[in-house]
Structure formats: C-alpha cells, structure tokens
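Subject: Handover of a structure and notes on its contents

Dear colleague,

Please find the structure below, together with its sequence. My notes follow it.

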Amino acid sequence: MANDASVVSDTLSPAVSKGSLADLFTPPADSTLWRKNFLLGAATASYQIEGAVNEDGRLPSIWDTFSATPGKVLAGDTGAVACDHYHRWEADVEMLVSLGLEGYRLSIAWPRVMDAAGVPNRKGLDFYKRLLNRLKEKGVTTFATLYHWDLPQHLEDRGGWLNRETAYRFADYADLMSRELAGTVDAWATLNEPWCSAYLGYGNGHHAPGLADDRFATQAMHHLLLAHGLAVPVLRANDPASQKGIVANIGRGTPNSDSAADQRAAHLFEVQHNAWILDPLLKGSYPQDLFELWPGTEPLVLDGDMQTISAPLDFLGINYYFRTNVASDGAHGFRDVPLEGVERTQMGWEVYPDGLRDLLTGFKKTYHNLPPIYITENGMASDDQVTDGHVEDTQRISFLKRHLAAVDQAIKAGVDIRGYFLWSLMDNFEWAFGYERRFGVVHVDYSTQKRTIKRSAEWVAKFLKERKARA
Ligand code: FCB
C-alpha cells in the first residue's frame, strides 16, 4: 500500500500531467487558495476507518450496536473491519504525506481510551499517541475531533445524550485526552456535527442510537452543546497552545417559489439546520422559531448552561455538502421539493457550491463574533471503479474545484476562512449507507484493503506541489 501511494507525487498519471484534468482544477491566479497559509487537508473519522472494534480493550460503541441491528445499515455493513486503519495507520500516513496534504483531521474513539469507570485504557491511548506523533514528525497539521458519533454503549445504556450526566462524562474524557495528547494536536474539535447526533440519532432514528422523537432531539442537542461548553475550558487549561472549536454541518434551504409561505419554509429549514446549533454557540440562546417548527420541544436548560455553551471559540469548523429546495408543508413546517435536472452525486445530493458561499457570507452578517472558519468537510460520493489501476473520478475533481472557488469567493467577501479539509482521505464506512457510497480521494478495495489513488487525489497533489514550488 505504501508503495501504491508513495509514487504519486513524483509520477503523476499521464492524464493529470498532460494537463487535461489539472486544468479542470487549477485555481485562477488571483485565487486566495494559492496563499501558502491556507491549509489544505483531508478528514476521516474513527468508526468509519479504524475497524479493530474488539482490540486492545476497546469497548462497544452505539455504532457497533446499531450496525449489528438488522435493517439499520445498507447491506448489513458494520465498522468491524472498515479500512483496517488501526493496523494500517503507518501506510495510511505515508499515503497522506505522499499526496502533499498539509492537514489531517481525524477523530478519537472514546470507547477505545477509557472504560465505564473513567479508567484510561493505555493501549488505546498509545494508538493515538503513535499516530499523532508520526503526523507531527511528518509536518502535518493535526485536527482531532473528540466525538465523531461513537458514544460508548455503556453511556447510551444510561440514557446517552438524553442524560445530562453524559455531558460531564464527556468533559472527563476531554480532560484525559488533552492531558495525554497535549503538544501533538494543533486544533481540538469537541463535537462533529451535533445536528446529526441529535436529530438523526434521537429525532428520526436514522443513526445510532436510533430513537425518534423531536423532544428527544432538542434535549440531546442541549446536552451535546453543554458537553462542548464544559470541555472547552478543560482543553484550554491542559493544552493552551492548541486551538479549540467545534464542527457543525450546515445546510442551504432555498424556497420553491416566491410565495411568503415558501420563503418562510426555507427560513425554517435553515433555522433547523444551522441556527439551532450556531445561535446557542454564538448568541447564547436557542432560536425561538425552532419551537414554532416543533412546538412544545423546548429542552430543559439549567441556570448558567447558555453561558457555558457560548464560551468563545478559536475556530468554527463547517461541513457543507448540498442544498435542499423546500416548500411550505401547509402547516408550521417545510417539505423537500427535489429539483429536476440538477447535477447530483451518488448520495442523490445536489451539487450546489453557491450554497457554501452564501451561507458563509450570511453567517458573517448574522454573527458579529463569528470565529475564524475552517471548512472541516466537503466532498462527494461516486460509484468509483478501479480500471487498469486508475480511478477516473472526474466529477469529484470538478466538485472540489467548484467548492474551493466558492470558498475563495467567501474569503474575498470578507469571511475569515483559514483552511479546507476534503471528505474524505479514503473510501470508508458511510454510516447508514455502509460501504456502497465512496467519498474518498483514495479508493479502498474492502476485500484486499488495497488503496488506489484516484485522479482527484493526483490532482490535489499536483496543485499542492505547484503551490509549494511557488512559495
Ligand atoms: C458527514 C459526516 C462524515 C461523513 C460525511 C459524508 O455528515 O460528518 O462522517 O459521513 O457526512
């Protein structure tokens, strides 16, 4: 594997070196993306790549339980083996480095590093120490997410994110990790996409733990955000040199017509997807429109919680994928009205780069204290096949180029955006969609674990090499 990857930066495929695909990507000369201090990296998450779920004292997570439940994940796939990254991490780091990627966003599996009594698991901790040390030795900027959805099952057994106690256990976990890993992490993100944890996990049940009640979703969200707020000062105390932030997925909602009802529906869509998370973090309050959408779902908030949640951040991570066209549902809410004839990905998601630019410039107006931003995920799934040792993922090259151009436009409009992590370094376990949906810039053959660099990765490597040469 290391061999497959290490040749990449020196021996680009004929298609890329001749310029055809490279031209598709190369940003214009006046693009801010040429700036050397704009960080370009790739992201992954523990449960999606590590495998080794029973090794070295790792405890079960809610995703082990959920994926083992018939009917929850496409084709009955689980993360038991995934990309076997737990054993192949050295070659995977080599691969990342050979592509010239400057940043790596990974996540730590909570059930690997401490037990139900809070006792550290040395073997699990050592895995992350080795990995992060190696990344630092190689000069890679490291972003570590503490919670990318793999809640220890023993905590779910006591109510999971519906139980306020889980927020305090998260702060203990953040304490352990920042004491153990201080100096190897450049930026800590407390949570990945609390919207997905709260809404997909507790609101509609599409994700682990699979509960479905709007009241659960708002209460789970409150405890997730509280966990974040409790962890930030702990991270600051233990690892003052690093940056502290959180990662939110954001969604663009556009109205299906000019009618006031449809405009209102699009507004409510964005309240539900964006303001539900960003208002508490950046304004210290929940948007009241959320409770128009979901009447009677106000969470139980104790004195001081909103101050804890809205403590200043060093950065905000933004994950963006697509837009949703919506109309009024005739009552208090919205319904999706899929547009015909638009470009879509293997997920069925619409390719809509302007949504990223418009949301970012909109946040700058709405939130006067908007912290510096990193795009912590952006990418697309395609049904990629290896042919003669290559993967021609042309749509992905074009997708990345267009979204990076949207980032450039937002920067030029005054938004402070410091970097971009593509999702994902390699194909992996795509949650409820299992292994069918391929988001990587590196292809993974799950029967052999062979990694094959896709054209998109060659393209990113070429750009990074050129940028370095110009600096
Ligand atoms: C995001 C998740 C990430 C990945 C992408 C496609 O919501 O954070 O793990 O699954 O979607």
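**A strand and its neighbours**

Gly 41 has Gly 103 as its bridge partner in strand S2. Helices (H or I, at least four residues) and strands (E, at least two) are DSSP runs, numbered from the N terminus. The model is a predicted one, in which local features need pLDDT of at least 70 and side-chain atom pairs count only at pLDDT 80 or more, while totals for chains, interfaces and linings use all residues. Residues are numbered from 1 along each chain as its sequence is written, and side-chain values use heavy atoms, with hydrogens and water left out.

Strand S1 (residues 39-43) pairs with S2 in the parallel sense over three bridges; two strands pair if DSSP finds at least two bridges between them. S2 also runs parallel to strand S3 (residues 141-147), and five bridges join these two. Within S3, Phe 143 stands opposite Arg 105.

Why is S2 (residues 103-107) described as largely enclosed by the rest of the structure? Five of its five residues are buried, so the strand is largely enclosed. Here buried means under 20% relative accessible area, exposed over 50%, and partly exposed in between (1.4 Å probe, protein chains only). Both faces of S2 are covered, with Gly 103, Arg 105 and Ser 107 buried on one side and Tyr 104 and Leu 106 buried on the other.

**The ligand**

A polar side-chain atom of Glu 430 lies 2.7 Å from an oxygen atom of the ligand. For Trp 431, a polar side-chain atom is 2.9 Å from a ligand oxygen, and for Asn 192 a side-chain N or O atom is 3.0 Å from one. The protein covers 95% of the 290 Å² of accessible area that the ligand has on its own; such areas come from the Shrake-Rupley method with a 1.4 Å probe, and for residues only the protein chains shown count as cover.

**Backbone features**

Most residues other than glycine have a negative phi, and most peptide bonds are trans. Trp 431 is not a glycine, yet has a positive phi of about 45°. Trp 431 lies in the loop between S9 and S10 and counts as buried at 4% relative accessibility. Asp 84 likewise has a positive phi, near 55°. Asp 84 is in the loop between helix H5 (62-67) and helix H6 (85-98), and its relative accessibility of 14% counts as buried.

A cis peptide bond with omega of about 15° joins Trp 423 and Ser 424. Another cis bond joins Ala 208 and Pro 209, where omega is about 5°. Pro 209 is in the loop between helix H11 (194-203) and H12.

**Two further positions**

Ser 242 sits in the loop between helix H12 (214-238) and strand S5 (243-255). Ser 242 is buried, with a relative accessible area of 6%, and its side chain reaches the backbone oxygen of Asp 239 at 2.9 Å. Gly 362, in helix H16 (residues 353-366), is partly exposed at 26%.

Yours sincerely

Methods:
A polar contact is a pair of N or O atoms within 3.5 Å; within protein, one must be able to donate a hydrogen and the other to accept it, and residues adjacent in sequence count only if both atoms are side-chain atoms.
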